[in-house]
Amino acid sequence: MNSIDLTGTPVKHINHGVYVIGVGLGERQNAFTAAWVMQASFQPLLLAISINSTHYSFRLLQESGVCTVNVLGQDQYALAEHFGSAAPDKMAGFQWQQAETGAPVLSDSLAYFDCRVSHYADAGDHKIAVCQVLRAATLNPGRRPLLYSQTGDMDGSNALYEE
Ligand SMILES: Cc1cc2nc3c(=O)[nH]c(=O)nc-3n(C[C@H](O)[C@H](O)[C@H](O)COP(=O)(O)O)c2cc1C
């Protein structure tokens, strides 16, 4: 595939929400920040999550086949940053509950979706996990969702699209 010059590309005008994806079961759980998440079907209700296959979380997702998508609010910038790092024991110090699939739910999120992976598709240096939503709930209503464009260079992607 030819590479293209993306200098000055305003790629963050393609907006997204910001989510904490809870992955894994039992003792082997983790959570990471993801913005590349979208609804992909009404019936069945499917979400598509683009995940870098080198992430530790990807291994846990593959092993367990389940995840939660937890919606962050605009007051949760620091959480987006925290779960957007590869630090060990990232889940410590936060309150979690267990979804019916067994995947971890961030209790302080606005809402969550409890999902089972349906299948994966290749997408360059990422994989698209197409996930069926089995249930969903609002946990903390009344807060506005955080947007990817509000996270600035938190994910370090500016270096890929230098001005
Ligand atoms: C705002 C933001 C958005 C991100 N979006 C994604 C994403 O959509 N997919 C992805 O694979 N990683 C994304 N990341 C990067 C991961 O959160 C990061 O690499 C994290 O360390 C992965 O967790 P792990 O190493 O514990 O598995 C994002 C990071 C930030 C800060």
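**The ligand and its surroundings**

A backbone N or O atom of Thr33 lies 2.7 Å from an oxygen atom of the ligand, a polar contact in the sense of a pair of N or O atoms within 3.5 Å. The model is a predicted one, in which local features need pLDDT of at least 70 and side-chain atom pairs count only at pLDDT 80 or more, while totals for chains, interfaces and linings use all residues. Residues are numbered from 1 along each chain as its sequence is written, and side-chain values use heavy atoms, with hydrogens and water left out.

A backbone N or O atom of Ala35 is 3.0 Å from a nitrogen atom of the ligand, and a polar side-chain atom of Ser57 is 2.6 Å from an oxygen atom of the ligand. Of the 640 Å² of accessible area that the ligand has on its own, the protein covers 90% (areas by the Shrake-Rupley method with a 1.4 Å probe).

The shell around the ligand comprises 21 residues, each with a heavy atom within 4 Å of it; the closest are Asn30, Thr33, Ser50, Ser57 and Lys90. Nine residues of this shell are nonpolar, ten polar and two charged, where Ala, Val, Leu, Ile, Met, Phe, Trp, Tyr, Cys and Pro count as nonpolar, Asp, Glu, Lys and Arg as charged, and the others, Gly among them, as polar.

Which element gives the largest share of the shell? That share, four residues, comes from β2 (strands are DSSP runs of E with at least two residues, helices runs of H or I with at least four, numbered from the N terminus).

**The chain beyond the site**

Six salt bridges are counted, each a side-chain nitrogen of Lys or Arg within 4 Å of a carboxyl oxygen of Asp or Glu. One of them joins Asp75 to Arg143, with the closest N and O atoms 3.5 Å apart. This pair links distant parts of the chain, 68 residues apart: Asp75 is in the loop between β5 (66-71) and α2 (77-83), and Arg143 in the segment after β9 (126-138).

Two backbone features lie in loops. The peptide bond from Gln43 to Pro44 is cis, with omega near 5°, and Pro44 belongs to the loop between β3 (37-41) and β4. Asp89, although not a glycine, has a positive phi of about 55°; Asp89 is found in the loop between α2 and β6 (96-98).

Key. A polar contact is a pair of N or O atoms within 3.5 Å; within protein, one must be able to donate a hydrogen and the other to accept it, and residues adjacent in sequence count only if both atoms are side-chain atoms.
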